[in-house]
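Subject: Structure for you to look at

Hello,

Here is the structure I promised to send. Please open it and keep it in view while you read my notes below.

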Amino acid sequence: MKATKTDDRDDPTGRAGHADRPALVLRRAVGSDAAEAAEVWLRSYAAALPGVRRAHTDDEVRYWFRELLVPHRETWVATADGTVVAVMVLDGEELDQLYVDPPWRGRGVGDRLVDLAKRRGPAGLELWTFRVNAPARRFYERHGFVAAEHTDGARNEEREPDVRYVWLPGAP
């Protein structure tokens, strides 16, 4: 059973942060976030996966966010001072997309989004990531996800070997 909460804030003001950096707010994406979310996806993909062929052009990614993800899927953004710095898309019990703008990596944004995903999918989650993305694999394993399947990439658009990860609550 999924929770129906539509906003996630760790403190009553939603402005938890440190004096040296802007407060981070996690919230459901709205139509006006689509362009910024797509740009975060594009920058993050380019930085994390420079050797992986992208199956879609920049304009196709922007269309996907604007017309499909934000209006029809459970899309979340992390914002700092009103600017989108990360995006996450949930599809039922699948953590379908999680991308953090490169300057924001290592600052706990991904951790907060995964925690949110776990609260939204308390029965368990699964996700796919490319085998070559060692930092993502370590990140998900640190959050209790376990590799459940390895493929040769024949079923994804990039034709890149990938790994399906599963998280179950209470698992060691």
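Accessible areas here come from the Shrake-Rupley method with a 1.4 Å probe. On that basis, the accessible surface of the chain comes to about 9000 Å². Carbon and sulfur atoms hold 51% of that surface. Keep in mind that this is a predicted model.

First, the overall layout. The chain has 172 residues, and 43% of them count as buried. It contains four helices and eight strands. Their order along the sequence is β-β-α-α-β-β-β-α-β-α-β-β. Now take the contacts between residues at least 6 apart in sequence: 59% of them join residues at least 24 apart.

Next, helix 3. It covers residues 109-120, which makes 12 residues. From first C-alpha to last it reaches 17 Å, close to the expected 16 Å. Is helix 3 mostly covered or mostly open? It is mostly covered, with nine of its 12 residues buried. Among them are Val 109, Leu 113, Val 114 and Leu 116. Charged side chains are on the list too: Arg 112, Lys 118 and Arg 120 are buried.

Last, Glu 158. Find it in the loop between strand 7 (146-151) and strand 8 (162-167). Glu 158 is buried, yet it has no salt bridge. Leaving out residues up to four places away in sequence, Glu 158 touches Tyr 45, Val 52, Arg 53, Ala 55 and Phe 130.

Best wishes

Definitions and conventions: Residues numbered from 1 in each chain as written. Predicted model: local features only at pLDDT ≥ 70, side-chain atom pairs only at ≥ 80, totals over all residues. Heavy atoms only, no water. Helix = DSSP H or I, 4+ residues; strand = E, 2+ residues; numbered from the N terminus. Expected span 1.5 Å × (residues − 1). Buried < 20%, exposed > 50% of the residue type's maximum accessible area, 1.4 Å probe, protein only. Contact = heavy atoms within 4.5 Å. Salt bridge = Lys/Arg side-chain N within 4 Å of Asp/Glu carboxyl O.
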